[in-house]
Amino acid sequence: MFTARSLASVASYSSASVARQMSSASKKVAVLGAAGGIGQPLSMLLKLSPAIGELACYDIVGTPGVAADLSHIPTRARVSGCLPAAGAWPPRGNEGLGEALTGADVVVIPAGVPRKPGMTRDDLFNTNAGIVKTLIQGVAEFCPEAVIAIISNPVNSTVPIAAEILKQKGVYNPRKLCGVTTFDVIRANTFAAAHMGVDPASVDVTVIGGHAGITILPLYSQLEGFAPSDAEREAITVRTQFGGDEVVQAKAGSGSATLSMAYAGYLFTEKVLQGLNGEKVTQCAYVQSDLTDCKYFASPCEFGPNGVEKVLGYGTLSAYEQAWFDKMIPDLQKQIKKGEDFVNA
Ligand code: NAI
């Protein structure tokens, strides 16, 4: 489902495709946390998207520079850089979250601290919960109709936090709130393709559950032509669940995955935009769901003009996957409750 598209090919859309996209409604996308490790490359990829007419980069630091830099790329998206207070680029007096969010069709949120070696995503809760809360309060005030894509970890908890804030403000729409789990999908595609010796672009693994450790469940049994031994299946499943740690360790204290996450965030946003522009597209997302005993669950979803049009099923699990599934559910429930309690306690 995800077509792995290189940066080069992003920039060189066929002219027919550009013409089609130019004629479709041009959308405003706001990136909150746009000066960060993910935010900057994500904003650059979005600047290349013909579907975007306006790109608002918001952060507590650095966005005037990010926006000025991006604005020299000759694509049609207008770019603005907003800070909580004065200092935006181009200089227009006091700017802020309100300016970034007003009129936004999609809000992508990679704001917050990343992991250091030895940390779980849940260790980020104390810092990132407050950041997400503040930003979602802004979304509720300035663009309650926007589709929200949360990247900030722990996603398993930050999505419930966002939902509770939006409920308090009376603007919660489960079709418009998503946790981004695309990274797990592209990681699974990469690992499976390497194992199979095929082009990763031809592989599409369904990944369900959440976005942390054992709550990430890749359904390799559903991948045609993939027939690992038991040991190989165990190794690739665990690597998909804990692949983020490889990058955290390799970066040795300077953060977690940023470039590959930016690519995943870009893919996710592009599909949301395609849906808003009237196409029916399917991708995995962590959303409010009735599929399991967890209130929020990642599974394939159909996106369309209203955001998440349908939460789709995830097919049959193998006995191996069912065992992981059974282990995952209590963990995920706990993380969901932690997010809800943060807002309601
Ligand atoms: P980073 O530290 O490089 O960037 C975060 C940015 O957020 C900084 O520029 C910071 O100034 C900004 N920020 C902090 N508080 C803010 C606020 N109140 N309003 C607006 N901006 C604010 O971190 P990085 O590497 O970009 O990671 C960001 C988040 O994404 C982390 O929580 C990380 O765990 C998460 N992540 C999620 C993944 C996923 O698959 N969902 C994958 C990788 C990382």
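The buried residues of helix α8 pack against β7 (207-209), β8 (216-218), α9 (230-250), α10 (259-276) and β9 (281-288). The model is predicted, and helix α8 spans residues 182-196. Further points on this helix, and on the rest of the chain, follow.

**Helix α8**

- The 15 residues of α8 reach 21 Å from the first C-alpha to the last, close to the 21 Å expected at 1.5 Å a residue.
- Its buried residues are Thr-182, Phe-183, Asp-184, Val-185, Ile-186, Arg-187, Ala-188, Asn-189, Phe-191 and Ala-192.
- Val-185, which lies in helix α8, counts as buried because 27 other C-beta atoms lie within 10 Å, the cut-off being 20 or more.
- Val-185 and Val-248 are 63 residues apart along the chain, and their C-alpha atoms are separated by 18 Å.

**Annotated domain**

- An unreviewed UniProt entry places the feature "domain: Lactate/malate dehydrogenase C-terminal" at residues 181-343.

**Overall organisation and core**

- The chain contains eleven helices and eleven strands, and buried residues make up 50% of its 345 residues.
- Among contacts between residues at least 6 apart in sequence, 68% join residues at least 24 apart.
- In soluble globular proteins, nonpolar side chains tend to be buried together.
- The largest nonpolar core here has 104 residues, of which Val-107, Ile-109, Ile-148, Ala-149, Ile-150, Ala-162 and Cys-178 touch the most other members. Helix α10 supplies the largest share of this core, with ten residues.
- Leaving aside residues up to four places away in sequence, Ala-149 touches Val-106, Val-108, Ile-109, Cys-178, Val-180, Phe-268, Thr-269 and Val-272.

- The ligand is surrounded by 33 residues, the closest being Gly-33, Gly-36, Gly-37, Ile-38 and Asn-153.
- By class, this shell has 18 nonpolar, 13 polar and two charged residues.
- Helix α6 (residues 125-142) gives the most to the shell around the ligand, with four residues.
- The 18 residues of α6 reach 25 Å from the first C-alpha to the last, close to the 26 Å expected at 1.5 Å a residue.
- Within α6, the buried residues are Phe-125, Asn-128, Ala-129, Ile-131, Val-132, Leu-135, Ile-136, Gly-138, Val-139 and Ala-140.
- The elements covering those buried residues include β1 (27-32), α5 (97-101), β4 (106-109), β5 (147-150), α7 (155-168) and α11 (319-344).

**Backbone features in loops**

- Asn-153, one of the residues closest to the ligand, is joined to Pro-154 by a cis peptide bond, with omega near -5 degrees.
- Pro-154 is placed in the loop between β5 and α7.
- Ala-252 lies in the loop between α9 and α10 and has a positive phi of about 45 degrees although it is not a glycine.
- Ala-252 counts as exposed because it has 9 C-beta neighbours inside 10 Å, the cut-off for exposure being 12 or fewer.

Terms used: Residues numbered from 1 in each chain as written. Predicted model: local features only at pLDDT ≥ 70, side-chain atom pairs only at ≥ 80, totals over all residues. UniProt positions renumbered as here; feature names shortened; annotations may be inferred. Near = placed C-beta within 6 Å. Helix = DSSP H or I, 4+ residues; strand = E, 2+ residues; numbered from the N terminus. Nonpolar A, V, L, I, M, F, W, Y, C, P; charged D, E, K, R; others polar. Expected span 1.5 Å × (residues − 1). Contact = placed C-beta atoms within 7 Å. Core = buried A, V, L, I, M, F, W, Y, C linked by C-beta atoms within 7 Å.
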